[in-house]
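Dear colleague,

I am passing a structure on to you, and I would be grateful if you would look through it with the notes below at hand. The sequence and the coordinates come first, and my reading of them comes after.

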Amino acid sequence: MPRLYIGFVLICLVYHLSTASAHDHLLEGIYCGKANCYEVLGVTREATKNEIAKNYRQLAKKFHPDLHRGEEKKKEAEEKFKEIATAYEILRDEEERSDYDYMLDNPQEYYAHYYRYYRRRMAPKVDVRIVLAVTITIISIIQYYSAWSKYDTAIKYFMTVPKYRNRALDIAKAETKESQTKKGKKSKAELKVEQDMIIRRVIEENMDIKGAYAKPEIKDILWIQLIIFPYTVGYYIYWYLRWLWKFTILKQPYGIEEKLYLIRKYMKLGQHQFDALEEKERQEFLDEELWIKENFEVWKEIKDEETKKALAENNKYKQYRRYIKQHGVGRMTFDDS
């Protein structure tokens, strides 16, 4: 029995020694290591922030490496200076000081303190909300200016199309002639610049550009979309319930808007893509009653056949098919000879 008791005591002693050893080893890695942060700065645990800052300045001045001569003294001062700076960084922050005080009062929960210490160290210093707001703002700015760039490209394109340029040119000539009589004669270069400006203005006023190249609006940018998101979701729910009630339950006939929606859905086009189609083309869809699934499927088969026939008659496509038949899939392009 005594032997068993002695053996139990020895096991407990070895366990406590190994635990203490691990504890001491880990303690060196966090806060002020084996030193007490308050003792390093020469203050008590009840010291105010001002007292801590005052003692830190005095000690930092005393142990600043530049104030010591000799390699050994300079090295000692440098180590002491680092120790003082570390203690001050911990005690000046209220949350970190609170964690440190809790560790001093509850050393048995050391591993939890170890986790808290490194979690705080690894946590981002900048508020995530600020980062998110800045990111959304940058995306919104890029989105808006990109939309303006696309719109400008579309306007410049229409300025080169004879059909639209000639109409705008007639209006521009009349306006430049009128302005020339009022303000005196202008040089050819000035008249050319003024004429191009009028042509652009006329096209902008008369062309209803839709789709991806439409004139950008503030409501389309990401920030505004996020702000009105609750309204968008609410409107979608209302729209879906209205559709369910009117056309599924009551079996009412579709209106123009609903017919176009079904046609767009069957064609798998986005709203901007569908809006970019000419009014005449959309009217043809309505005339052929493509909102009816069976009609659309027949129409699609016809269009697919027409596309295949057009490709079959295309010389470059024939060349490509011959190459594939003879050599298999390769990297040949239509421009290859």
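This is a predicted model: local features need pLDDT of at least 70, side-chain atom pairs count only at pLDDT 80 or more; totals for chains, interfaces and linings use all residues.

The mean pLDDT of the protein chain is 79, with 78% of its residues at 70 or more. Over residues 4-26, however, the pLDDT is below 50, and this stretch has 7 contacts in the model beyond near neighbours in sequence. Residues 329-337 also stay under 50 in pLDDT, and there the model has 14 contacts beyond four places in sequence.

Among the contacts with a separation of 6 or more, 56% are between residues 24 or more positions apart.

The largest nonpolar core has 22 residues, and those with the most contacts inside it are Y31, C37, L41, I52, I90, L91 and Y100. The elements that contribute two or more residues to this core are α2 (37-41), α3 (49-62), α4 (71-92) and α5 (94-105). A second, separate core has 15 residues, including L260, L262, F274 and F296.

Leaving aside neighbours within four places in sequence, Y31 is in contact with T86, I90, E96, D99, Y100, M103, H113 and Y117. Y31 also has a positive phi of about 50°, although it is not a glycine. This is worth a check by eye, because most residues other than glycine have a negative phi.

By the distance rule for sulfur atoms, the count comes to 1 disulfide, and this disulfide joins C32 to C37 with an S to S distance of 2.0 Å. The link of C32 and C37 is right-handed, with 115° about the S-S bond, and both C32 and C37 are buried.

Elsewhere in α2, E39 is found, and at 64% relative accessibility E39 counts as exposed. E39 and A87 are 48 residues apart in sequence, yet their C-alpha atoms are 9.2 Å apart in space.

Turning to α3, this helix has 14 residues and reaches 20 Å from its first C-alpha to its last, close to the 20 Å expected at 1.5 Å a residue. Its buried residues are I52, A53, N55, Y56, L59 and A60. Seen down the axis of α3, these buried residues fall within an arc of 165°, so they line one face of the helix. The face of α3 turned away from the buried side carries the exposed residues N50, R57, K61 and K62, while the cover over the buried residues includes α2, α4 and α5.

Which residues does N55 touch, leaving aside its neighbours within four places in sequence? N55, which has its place in helix α3, is in contact with L41, G42 and V43. Its relative accessible area is 19%, and N55 therefore counts as buried, the cut-off being under 20%.

The other helix I went through is α11 (229-249). At 1.5 Å a residue, the 21 residues of α11 should span 30 Å, and its end C-alpha atoms are 29 Å apart, which agrees. The buried residues of α11 are W239, W243 and F247. They cover an arc of only 35° around the axis, which puts them on the same side of α11. An α-helix has 3.6 residues a turn, so residues three or four places apart point the same way. The buried residues of α11 pack against α12.

After α11 comes K251, with a positive phi near 60°, and K251 is not a glycine. K251 lies in the loop between α11 and α12 (256-267), and at 63% relative accessibility K251 counts as exposed.

With best regards

Notes
Residues are numbered from 1 along each chain as its sequence is written. Side-chain values use heavy atoms; hydrogens and water are left out. A nonpolar core is a set of buried Ala, Val, Leu, Ile, Met, Phe, Trp, Tyr and Cys residues joined through side-chain atoms within 4.5 Å. Buried means under 20% relative accessible area, exposed over 50%, partly exposed in between (1.4 Å probe, protein chains only). Helices (H or I, at least four residues) and strands (E, at least two) are DSSP runs, numbered from the N terminus. Contact means heavy atoms within 4.5 Å. pLDDT is the predictor's confidence in each residue, from 0 to 100. The expected span of a helix is 1.5 Å times one less than its number of residues. The arc is that of the directions from the helix axis to the C-beta atoms. A disulfide is a pair of cysteine sulfur atoms within 2.5 Å.
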